[in-house]
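Thanks for asking me to look this one over.

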Amino acid sequence: MNKQQIEQFIAKNDILDLDKISYLGKGYVNDNYLLESGNNKFVLRIQRSDVPEQDSRLYNEYVIYSFLDKYKYPWVPKPVFFDKQKNILIITFVPGEKINYEKLSIKDLSKVASELVKINSFTMDQYKDFCQSRDFDFSPPQTPQQDFERFELTRFKYIKQHSNDEQIVDWIAKRLPKAQEFVNQYPLDKVCLIHGDLHSNILKDRNDFWFIDWEHGRLSYYNDLGYVLGDVFAYEQVKPALVKLYCQATGESKNILKFKMEYHQYTWGLGGVIWAYHRFIKMKNENKSSPEKYLEITKQRIKKFRPETKVKLKYK
């Protein structure tokens, strides 16, 4: 859909009085446009034409935004319009620059952590009741084992079939058994709403932080705060105030926090390598442009991976 078609679509559906439309760029499966109407700005997200099948991520994002809007959570875009057939989502524009939370000050990281506690406080019952009341599709949480099989093991199977780089394949294969041990021991006692893809989806606007791109938002046995802390620190480096905040918010012990941080460092670190290398091979096989950047990401993530992590797998 080009700009003229978008203008016609907005006028036909009487969504807003459009003054200006400009292209923002493309995401993994969608194109993004900035819509301006008087003093108000919006973002239109639409599935790209080169994505072969109807993708559910924009619909999922719309449901999550609608849920958070119902509960008046402020630091996310608000849903304006969604067309399920055409896979078009319109949300309010939020200001700010993308930040890497690994580079935040402790003060700013504490502020982000406090917001993640609020997000992760939403329960499965709240989300399920909301979906049923609005006739939205409801997806129960996947266990870490189910996620591991669906993503890491499935992608690695594809890698083994199509990769010519035995060194990278062997590097991954040697680390999968330990990742499987982590997965087998992950506690399944708590389910909450999570963002699921925070690394490049936090905007900072002066002293405020916005959480955007909720395509992977879902119910999960994980929590965002444990992931963020595990991505930034070794457990021994975490400031006591952050540990206290986490334990008070989740009701979990320091030992469980340590286990989850080490889990994220190892299992999700390995998953990031597998994702990038799988994407490189798949794009190369499909003759898509610039697959080499994902090979470079693979190498960077291998270099960043923490093989020195020593973990007592029994977290209790």
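1. First, the ground rules. This is a predicted model, in which local features need pLDDT of at least 70, side-chain atom pairs count only at pLDDT 80 or more, and totals for chains, interfaces and linings use all residues. Residues are numbered from 1 along each chain as its sequence is written, and side-chain values use heavy atoms, with hydrogens and water left out.

2. Have a look at helix α5, residues 144–162. Helices (H or I, at least four residues) and strands (E, at least two) are DSSP runs, numbered from the N terminus. The 19 residues of α5 reach 26 Å from first C-alpha to last, close to the 27 Å expected at 1.5 Å a residue; that expected span is 1.5 Å times one less than the number of residues.

3. Which residues of α5 are buried? They are Pro144, Asp147, Phe148, Glu152, Arg155, Phe156, Tyr158 and Ile159. Buried means under 20% relative accessible area, exposed over 50%, and partly exposed in between (1.4 Å probe, protein chains only).

4. On to the rings: the whole structure holds 28 aromatic pairs. Rings of Phe, Tyr and Trp (its six-membered ring) pair if their centres lie within 6.5 Å; planes under 30 degrees apart count as stacked, over 60 as edge-to-face and the rest as tilted. Phenylalanine 67 and tyrosine 127 pair edge-to-face, at 5.2 Å centre to centre with 80° between the planes. Phenylalanine 67 is in helix α2 and tyrosine 127 in helix α4, so this pair ties together parts 60 residues apart in sequence. Both residues, phenylalanine 67 and tyrosine 127, are buried.

5. Now the charges, with a count of 13 salt bridges. A salt bridge here is a side-chain nitrogen of Lys or Arg within 4 Å of a carboxyl oxygen of Asp or Glu. Arginine 45 forms one with glutamate 61, with the closest N and O atoms 3.2 Å apart. Arginine 45 lies in strand β3 and glutamate 61 in helix α2, so the pair ties together parts 16 residues apart in sequence. Arginine 45 is buried at 4% relative accessible area, and glutamate 61 is buried at 0%. A network of salt bridges links Arg45, Glu61, Asp213 and Glu215.

6. Lysine 174 is exposed at 59% relative accessible area, while aspartate 170 is partly exposed at 37%.
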